[in-house]
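Please read the following note with the sequence and the model side by side. The points are numbered so that each can be checked in turn.

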Amino acid sequence: MDIDAYVAAHRDQWDRLDQLTSRRRLTGAEADELVTLYRATAGHFSRIRTGAPDPALLAQLSTRIAAARGRITGTREARASDLRRFWGTSVPAALYRLRWWTLAVTVLEVAIAVVVGVWTLRTPEAMSALGPESELDTYAHESFEAYYSNYAASEFAGQVWTNNARIAALCVAGGITGLLPAFMLLANAVNLGQAGAIMADHDLLGQFFALITPHGLLELTCVFVAGAAGLKLFWTMLDPGGRSRGVALAAEGRALITVAVGLTAALAVAGFIEAFVTPASLPWILKGLVGLLALAVFWAYTLVLGRRAVLAGHTGDLDADEAGAVRLEVG
C-alpha cells in the first residue's frame, strides 16, 4: 500500500468527519453523513492497520473514530465501576506483565550502583572528580540530610512527586527510542552509587541507607518499573511477535500508559513518605519499616491482584471499543 497516496485520497473524508463531529447541532442529512463517514473511517483504519501500519497515523484515526463514536452514541460518563476496574484490574495486570522486566532492571541497576560506588570509593581520582574535598565534606555532613528538611513538608512532597512522575512518564513515553529509558536508568544508578561512595568515604554509609530506605524502596522500584516499561516497548518494536508491528505497538503502548498512571499514584505515596517520614524525629528502624511496608503493599498489589487479572484475560490495554480499533465495513 502506498500510504501517502491512500492518505491523500481519503483526507477530505476525514476532515469532513472532524467538522461534523465538532458541530453542536446536525440536520438529519448531516447525521446520516456522520454515520457514513464514521463507518468509512473505521474501514480505513482497519485497512491501514493491516496493509501499512503507521503508529502515528493509526493514533490520529483512532482519536477521530472515538470522537465520532462519542458524537453518535453520546458521551459515556465515568462510573465508579470504571474506576474499580481500572485500579483493581487494568493497572495490576499491566504491572504484573512487567514483573520479569522489572526484576531484570532492578538487578542490573543495583549491580551498576554497587560497582560505581565501590570503584569511586577505591579510586581517589574518581572521588576527586566529584568535587573538592571541602564540598564533598559539606555534602556528606550537611547537604545530604538537609535536603529532606529544607522545604515545608507539603511543598517538598509536591516537588518530589511531580519530578519523579515526570521521570517515570518520560521513561515510558520515550521507550520507543530505547535510548532514553536506558540513559535515565544508567544515570540513576551512577548517581546513587556516587552518593553512597561519598557518604561511605566520610563514615556515614549507615546514615545514607537510613535516609534513603524509608522512601527509596518504593521510589526506586517505581523508577525501575518505568524503565522496564520503556525498554519493553522498545523490544516490542523490534520483535512484535505474531502481531503486526503497528498493532503490537499500539496495544503495548496503551497498556504501558496504564502503568505510568499507576506509578503516578505509587510515587505520590513515596513523595509523602519522603517529605513527612524521612525527616521526622522517629527511630530509624521505624522509618525503615514504613518503607518496607510500602514496598510490600506495592508488590502484593502487583503480584496478587495482577496475577488474578491476567489469568482472567486482562492485559492492562483498553477494551477494543475504547481503543477505537473496531473493524467495520462501509455499508
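1. Asp18 is partly exposed, with a relative accessible area of 30%, where buried stands for under 20% relative accessible area, exposed for over 50% and partly exposed for what lies in between, computed with a 1.4 Å probe and protein chains only. Asp18 forms a salt bridge with Arg64, and the closest N and O atoms are 2.8 Å apart; the term is used for a side-chain nitrogen of Lys or Arg within 4 Å of a carboxyl oxygen of Asp or Glu. This pair links distant parts of the chain, since Arg64 is in helix H3 and Asp18 in helix H1, 46 residues apart.

2. This is a predicted model, in which local features need pLDDT of at least 70 and side-chain atom pairs count only at pLDDT 80 or more, while totals for chains, interfaces and linings use all residues. Residues are numbered from 1 along each chain as its sequence is written, and side-chain values use heavy atoms, with hydrogens and water left out.

3. Arg64 also forms a salt bridge with Asp15, with the closest N and O atoms 3.7 Å apart. Asp15 lies in helix H1 and Arg64 in helix H3 (residues 55-73), so this pair ties together parts that are 49 residues apart in sequence. Arg64 is buried, at a relative accessible area of 13%, whereas Asp15 is partly exposed at 31%.

4. How many salt bridges does the rule give? The count comes to six, and one of them joins Arg16 to Glu33, with the closest N and O atoms 3.0 Å apart. Arg16 lies in helix H1 and Glu33 in helix H2 (residues 28-51), so the pair ties together parts that are 17 residues apart in sequence. Arg16 is partly exposed, with a relative accessible area of 23%, and Glu33 is partly exposed as well, with 29%.

5. Leaving aside neighbours within four places in sequence, Leu17 is in contact (heavy atoms within 4.5 Å) with Leu34, Leu37, Tyr38, Thr41, Arg64 and Ala68. The C-alpha atoms of Leu17 and Thr36 are 9.3 Å apart in space, and the two residues are 19 apart in sequence.

6. For the protein as a whole, the secondary structure comes to 13 helices and zero strands, where helices (H or I, at least four residues) and strands (E, at least two) are DSSP runs numbered from the N terminus. The C-alpha atoms fill a box of roughly 80 × 40 × 35 Å along the principal axes, and 41% of the 331 residues count as buried. Among contacts between residues at least 6 apart in sequence, 78% join residues at least 24 apart.

7. A search of the whole structure finds eight aromatic pairs; rings of Phe, Tyr and Trp (its six-membered ring) pair if their centres lie within 6.5 Å, and planes under 30 degrees apart count as stacked, over 60 as edge-to-face and the rest as tilted. The rings of Phe144 and Tyr148 have their centres 6.2 Å apart and their planes at 80°, so this pair is edge-to-face, and both residues are buried. Phe208 and Phe209 are also an edge-to-face pair, at 5.2 Å centre to centre and 75° between the planes. Phe208 is buried, with a relative accessible area of 5%, but Phe209 is partly exposed, with 44%. Tyr139, Phe144, Tyr147, Tyr148, Phe208 and Phe209 form one aromatic cluster.

8. Two charged side chains deserve a look. Arg99 lies over the face of Tyr96, at 3.9 Å from the ring centre, and the charged end of Lys287 sits over the ring of Trp284, 3.8 Å from its centre. A charge sits over a ring if NZ of Lys or CZ of Arg is within 6 Å of the ring centre and within 35 degrees of the ring normal.
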